[in-house]
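Hi,

Here is the structure I promised to pass on.

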Amino acid sequence: MELVQECIDGAVVLKLSGRFDAYAAPAVEKFLKHVDNSVTPWVIIDLAHVNFIDSTGLATLAVGLKRCREHEGSLVLCAIQQPVRIIFELTRLDKVFVIRESVAEVIESRLLEKVGESETHAGI
Amino acid sequence: MPTSRMRIAIVSTYPPGTGSLNEYAYHFVRFLRQKAEIQEILLLVDELPSGQQYPPVEPPQPGKPATRVMPCWCFDSWRNLWRIWTVLRREKPDIVLFNVQFATFGSKKIAAFLGLLTPIWVHRRGLPTMVLLHNLMDTIDLAGVGLSKTIEPFIRFFGRLMTRLLLTVDLIAVTLPKYVDLLEQKYGAKNVLLIPHGAFEDVPFLAQNQGQESPMIMTFGKFGTYKKVELLIEAFQCLLAEGRTSLELVIAGTDNPNQQGYLASVQQQYAHVPGLHFIGYVPEDKVAALFQHATVVVFPYTSTTGSSGVLHQAGQYGKATVLPNIEDLAEVISEEGYTGKFFTPGDKHSLACAIAELLDNPTERYEIEQQNYLAATGLPIDDMVDWYLFHFRRVIDIRCRKRERSA
């Protein structure tokens, strides 16, 4: 599996491609462990090119989500393909994760949230 | 909406109680106690035989949840629903998890049925409720567990009825994907989810039995219903007759609660067989040594009732397995990534042959050991407990929102 890391508007974006299984999980786990927790972690995982995920892959993402939440951050999944979505639905983790159509959608909604926050502060 | 730490009640068997699923509960609670999200764990367990007591609970440590063991139900009693509800009504936990299978509350049909109504009652009375259901009546081979053809349609009918009733609780967790499919397709369920079994221990892979002087064949479980040891002992006798006189066969575990006295009668029947050992109940701290000394772990099942805890243990200790070629078990094994040597059910020569092949071929044995180890350790139960916590929180939050709306 290939991993490409980017930083977009303050979010750490991890683009994965290929099979996300027990063999690929340690690399993702390592990445999620090393996300800078000194600031509020905001992680986006782009699964557009992941065609398979097994329960170890799911468990890795769940551990990452838990870690981000512990630091009051967020982990958002994007562009989940149908075969992968089925696994999320089977485990009902689709109800636990925030799942969006694309990275752009997440960034946009996050920026809108920030604008909203700053307008509220300005009002006060 | 509460984001505070949760108080969780778990209705289950628990060691040293010997009811099915006690070991799963033990490891589940062991890891649950490490979670920061938990304030308190209430273990609503079955009463031990007179004179026995649950060991004292560890005193609460800072940051760790308090744990209380509350024996409040009894195998084969008709009063379990009321007794469990009485405790839950008093304690008011944030959520209740039932760790059950169809025979958890009794071997007698009415007691088993009434006991399984408990989660439905608890849910109806307003407590968030999740059921971890380890087997489904639809997949149990009732003839294989010793039920007559006459009674089978009635048991199936009540089994299906009970399944429908259980599906009215907040969430039902199962450990096999095919169970989710079955409940969704046959029962139209919308609240079922898969949470894999998970490995109990983080054990390094040790291929330590290569060239062992006295190879040990081992079987572990609760015997007497669909797990029977006679065929294994007869296969063992076949192996002894081939001149493998240094072999040992260890039968570890106890009678199934529904078949009291089974192992004692078998032990008496085969008392003349050399190298045969019945070691009875194995305390938790001795389980690792037992598996580590085994060369081959045999599953002398005539049918199965779901995912096998013993298979997961054999895997995590890196053991080669010998398994019956029966549909449900074969599916479980391949779905969960395990492997083993298969034998024809009921055929002692086939079983002896499968064991002999593994004993004689260390390379093949090593490959099976490795695959089983990888299958078992990929998903630690620690991670699976986190999945439960995600779902607990979600159920609690949904309930709170509903309450707020109606208020």
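How many residue pairs are in polar contact between chain B and chain A? The count is four, with both residues at pLDDT 80 or more; a polar contact here is a pair of N or O atoms within 3.5 Å, where within protein one must be able to donate a hydrogen and the other to accept it, and residues adjacent in sequence count only if both atoms are side-chain atoms.

Before going on, some housekeeping. This is a predicted model, so local features need pLDDT of at least 70 and side-chain atom pairs count only at pLDDT 80 or more, while totals for chains, interfaces and linings use all residues. Residues are numbered from 1 along each chain as its sequence is written, chains are lettered from A and ligands numbered from 1 in the order written, and side-chain values use heavy atoms, leaving out hydrogens and water.

Now the interface. On the chain B side, 22 residues are in contact (heavy atoms within 4.5 Å) with 16 residues of chain A. About 1500 Å² is buried between the two chains (accessible area, 1.4 Å probe, lost on being put together, summed over both), and carbon and sulfur atoms give 67% of that. B:W387, B:F390 and B:R394 lose the most area in chain B, together 41% of what that side buries.

There are also two salt bridges between the chains (a side-chain nitrogen of Lys or Arg within 4 Å of a carboxyl oxygen of Asp or Glu). The side chains of B:E37 and A:K66 form a salt bridge, at 3.6 Å from N to O.

Cheers
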